[in-house]
Amino acid sequence: MTSPLHELLAADRFAVTAEISPPKGSDCGEFLEKARALRGTVDAINVTDNQGANMRISPLAPAALLVREGIEPILQLTCRDRNRLALQSELLAAAAFGVTNVLALTGDYITFGDHAAAKPVFDLDAVQLLQAITTLNAGRDLAGTALHGVPRFYPGAAAAPEAEPFELTLAKLRKKAAAGARFFQTQALFSPEKLIRFGEAVRPLGVKVIAGVILIKSAGMARYMNARIPGLTVPQELVAELDDAPRPLETGTAIARRLVATLRPHCDGIHIMAMGKEELIPEILADLHRGD
Amino acid sequence: MIVSKQKPFSEILASLENISRVFLIGCAKCATVCKSGGEEQVWRMQEDLIAAGKEVTGSMVIDEACHMLRVQRDLRAKGEMVTAAEALIVLSCGAGVQSVSAGSDRATIAALDTLFLGNIRRFGQFEQRCSLCGECRLNETAGICPVTACPKGILNGPCGGMSEGKCEVSPDAECAWYQIFVRLRDRDGRPLSPETTPPKDFSKLVKPGSLTLER
Ligand code: SF4
Ligand code: SF4
């Protein structure tokens with residue numbers, strides 16, 4: 001087994017992951033505080049990579065700091081900002097720091113972020129990045145040269161179970177699995193139907209499914225996501241529920257908690273996106289019976 | 001054709017700060033079609049420059065400004081008019097501007113921004129369909145170019161931003177991979193290939209490109 005997360009999922013035990021954005025700046029103190037507070041609550045922490053194309057510290061540093069703390073990171077790596085040399089060398093650096101879980105992403109387009117004038121790279125796509133990880137795991141780089149010191153990554157990929165047409169989405173997911181993805185972390189979900197369809201389609205590929213749950217902090221945030229975040233739809237009744245709520249954050253937390261319970265039977269793990277409110281994660285997970 | 005558009009006039013004027021006498025050069029091919037450097041635009045540029053207090057020693061529209069020998073010949077033919085000017089203002093794509101700068105000892109001023117290799121949808125409407133990637137993939141993608149039609153240029157299917165067949169970058173546009181998926185399905189009756197397309201070979205695209213035909 002390459003990582004505790006891998007072990008957990010391979011043993012068919014339920015996994016819980018959460019994501020924390022690294023700081024804009026070099027001070028990882030607050031990031032680590034949040035991560036430490038989740039020790040024992042989640043199994044691994046996703047460290048996002050210039051999320052939404054907004055420049056932040058490279059996820060490698062906070063991921064390495066997590067390893068030092070004995071907290072398991074999932075390093076997110078996008079193809080937007082690095083060519084194939086930079087991606088491979090970043091991966092080798094991650095391996096040297098003891099980072100094993102990697103989530104291979106294409107990356108949001110550069111104009112969405114705070115450096116809209118930058119040159120988008122996309123030398124590789126997520127499938128090709130997964131192939132690169134598999135190649136490194138086999139002791140070679142993309143040029144075929146043997147490595148001195150071979151990493152043992154547990155590669156994962158993102159998936160949008162609600163994106164239509166599903167047949168097209170699935171064609172890409174199949175390629176990701178064939179390229180070496182062993183787990184999928186999904187876009188935020190709001191009902192089990194699409195997750196069930198998704199699970200049925202991808203389980204035969206030998207891939208574990210970690211379902212995404214997002215903490216919606218207000219009705220405004222729900223509307224913003226519906227308008228701006230592709231592949232994600234907050235159902236009208238949830239928007240209404242948040243609209244009527246005297247304390248929207250509490251209601252949002254309750255909704256997330258409900259979603260964890262509804263999605264639980266149809267996945268191998270849950271991934272919480274708490275959007276800066278990581279202190280609410282234990283409450284969101286309160287009803288989760290892991291069954292082990 | 002090469003699609004170009006005029007720089008803001010203020011920017012052109014700013015590059016003429018210490019220059020009072022200019023000669024104008026347009027191009028009869030692409031720049032004429034996209035109305036950035038044909039007879040009409042050269043004429044208007046001349047009027048605007050005169051209004052701004054500049055002296056225009058003359059003008060010409062070269063048959064194709066990217067043809068280096070022809071540019072040299074045409075510049076020579078204009079003799080006096082060209083030598084009387086301190087600078088040559090060129091209303092053509094960047095290739096044309098450089099034929100002129102290589103073929104004359106006068107300062108050369110580019111009046112256009114060169115945008116892309118474009119298809120003409122209808123008069124006055126241009127669309128980029130090919131980004132000259134040096135390794136054409138159209139035979140595998142139902143004749144739709146993902147290198148160009150997808151803002152990320154990704155080669156193995158839609159990114160996570162595709163939603164209802166629309167593109168995350170411009171939600172009014174169809175995702176390139178949705179277009180390919182639909183055309184393969186409807187025209188060829190087959191699904192997307194399950195084979196992974198390997199990373200592109202950018203060594204085929206080392207700049208500056210050159211090609212010499214065998215005799
Ligand atoms: S793949 Fe696209 S960019 Fe490359 S040559 Fe063909 S049409 Fe042009
Ligand atoms: S939605 Fe489609 S066209 Fe747009 S960036 Fe993603 S893959 Fe490319």
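## Two helix pairs in chain A

Helix α8 (residues 219-228) of chain A and helix α9 (residues 236-244) of chain A cross at roughly 150 degrees, and their axes come within 8 Å. The axes here are lines fitted to C-alpha atoms, for helices over the stretch in contact, with angles running from 0 to 180 degrees between N-to-C directions. That is why α8(A) and α9(A) are roughly antiparallel to each other; angles over 145 degrees count that way, under 35 as roughly parallel, 65 to 115 as roughly perpendicular and the rest as oblique. On the α8(A) side the contact uses A:Ala219, A:Ala222, A:Arg223 and A:Asn226, and on the α9(A) side A:Val239, A:Leu242 and A:Asp243. Contact means heavy atoms within 4.5 Å. Helices (H or I, at least four residues) and strands (E, at least two) are DSSP runs, numbered from the N terminus.

Then there's helix α2 (residues 29-37) of chain A, which packs against helix α3 (residues 60-69) of chain A at about 45 degrees, with the axes 11 Å apart. So α2(A) is oblique to α3(A). A:Phe31, A:Leu32, A:Ala35 and A:Arg36 of α2(A) meet A:Pro62, A:Leu65, A:Leu66 and A:Glu69 of α3(A).

## What the model is

This is a predicted model: local features need pLDDT of at least 70, side-chain atom pairs count only at pLDDT 80 or more, and totals for chains, interfaces and linings use all residues. Residues are numbered from 1 along each chain as its sequence is written, chains are lettered from A and ligands numbered from 1 in the order in which they are written, and side-chain values use heavy atoms, with hydrogens and water left out.

## Rings and charges

Over all chains there are four aromatic pairs, meaning rings of Phe, Tyr and Trp (its six-membered ring) with centres within 6.5 Å; planes under 30 degrees apart are stacked, over 60 edge-to-face and the rest tilted. One of them, A:Tyr109 with A:Phe122, is stacked, at 6.1 Å centre to centre and 5 degrees between the planes. Both A:Tyr109 and A:Phe122 are buried (under 20% relative accessible area, with exposed over 50% and partly exposed in between; 1.4 Å probe, protein chains only).

Over in chain B, the ring centres of B:Tyr178 and B:Phe181 are 6.4 Å apart with planes at 35 degrees, so this pair is tilted. Both residues, B:Tyr178 and B:Phe181, lie in helix α8 (residues 176-188) of chain B, three residues apart.

Back in chain A, the charged end of A:Arg197 sits over the ring of A:Phe166, 3.9 Å from its centre (NZ of Lys or CZ of Arg within 6 Å of the ring centre and within 35 degrees of the ring normal). A:Arg264 has its charged end over the ring of A:Phe14, 4.0 Å from the centre.
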